[in-house]
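Please look over the chain shown here before reading on. The report then takes up its fold, its sheet, one of its helices, its surface and its charged pairs.

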Amino acid sequence: EESPYILGVGSDVTDRARIEEANRRQSRLLDLFFESNLSCSVLLDREFNFIRVNRAYASACGRDASEFPGHNHFDFYPSDAKAIFEEVLRTKRPFSIRARAFEFADHPEWGVTYWDWNLVPVVDDRGDVEVLIFCLNDVTQSRRSDERVRQVMVQLSRLSSQLVDAQESERRRLARILHEELGQDLMAIKLSIQNRCHGSPGCGEEPLDDVLVGINEVLARVRQISLDLRPPVLDDLGLVPALVWLIGHNRSRAGLEVSFRHSGLNGR
């Protein structure tokens, strides 16, 4: 008959072996999770020394993962972020930030980089911070793309403003040509015809009247085009009087009743 003591020892050994196997399996799963994580992941102790980094973090830093353990994070990467780490250690509360700027001292050619990161304290049974989990995502390209888009939008806005200014300048120039040059030339022709034909033998009244009517129509059209391009009231009195004039000018032409109210517009 087997001794109860032998049976008890055998059972303890079996249980211990089962527990060790479960621990090994759990450790392998944690290793797989840590290394397969696409985010840059770091384990730090309470003094912010590297315990472990994954391949993504080492690659992002341009180093081998074996270079980190035993070194202090802020010896490798000094920055004002140390105050944030100390605050997380003191308060035991996680911290997150988006697109935080950082420059690698050992890679100045990279310029300013941007990172989304999370710093999470892991608390032990006594309520003390045991390790810190530091996770980062490189958003440099996205941030630079957003900045390029912003710059393009600023340039487009500037070009649009310049285009409007150019259009207004061209309208002003054409209105001046129509009013001051073409209009005056037509008026001179009209006066010349009147002076030459008025009371002259062989110059009938009907042909003269037809010519003058035609010239008057052209003059009226020139004045209307000039007003539509750039009404003088806009330059002389400003936007609000120009809008009031425009509404009144077009009310009779369109046969519409229009009222105008404004808030916050300056006269000029």
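## Basis of the report

This is a predicted model, in which local features need pLDDT of at least 70 and side-chain atom pairs count only at pLDDT 80 or more, whereas totals for chains, interfaces and linings use all residues. Residues are numbered from 1 along each chain as its sequence is written, and side-chain values use heavy atoms, with hydrogens and water left out.

## Overall fold

The chain has eight helices and five strands, where helices (H or I, at least four residues) and strands (E, at least two) are DSSP runs numbered from the N terminus. Along the sequence these elements follow the pattern α-β-β-α-α-α-β-β-β-α-α-α-α.

Of the 268 residues, 24% count as buried; here buried means under 20% relative accessible area, exposed means over 50%, and partly exposed lies in between, with a 1.4 Å probe and protein chains only. Among contacts (heavy atoms within 4.5 Å) between residues at least 6 apart in sequence, 44% join residues at least 24 apart.

## The sheet

Five strands form an open sheet in the order E2-E1-E5-E4-E3, with antiparallel pairing; two strands count as paired if DSSP finds at least two bridges between them. Strand E2 (50–53) and strand E3 (95–103) stand at the edges with a single partner strand each, so one side of each is left without a neighbour in the sheet. From one strand to the next, the twist averages 25°, the angles (from 0 to 180 degrees) being taken between the N-to-C directions of axes, which are lines fitted to C-alpha atoms, for helices over the stretch in contact.

Strand E1 (residues 40–44) and strand E5 (residues 129–138) run antiparallel and are joined by five bridges. Within this pairing, Leu44 has Leu132 of E5 as its bridge partner. Helix H4 (residues 82–91) packs on the sheet, where it touches E1, E3, strand E4 (112–123) and E5, and its direction makes about 20° with that of E4.

## Helix H4

The buried residues of H4 are Ile84, Phe85, Val88, Leu89 and Thr91, and what covers them includes E1, helix H3 (73–76), E3, E4 and E5. Being three residues apart in H4, Arg90 and Glu87 are separated by about one helical turn. Arg90 counts as exposed at 60% relative accessibility, while Glu87 is partly exposed at 37%. Just after H4, Lys92 takes a positive phi of about 65°.

## Charged pairs elsewhere

The count comes to seven salt bridges. One of them joins the side chains of Asp106 and Arg63 (3.4 Å, N to O), and this pair links distant parts of the chain, since Asp106 lies in the loop between E3 and E4 and Arg63 in the loop between helix H2 (55–61) and H3, 43 residues apart. Both are partly exposed, Asp106 at 34% relative accessibility and Arg63 at 23%. Arg63, Glu67 and Asp106 are linked in a network of salt bridges.

Arg126 forms a further salt bridge with Asp124, the closest N and O atoms being 3.6 Å apart, and Arg126 is exposed, with a relative accessible area of 70%.

Definitions and conventions: A salt bridge is a side-chain nitrogen of Lys or Arg within 4 Å of a carboxyl oxygen of Asp or Glu.
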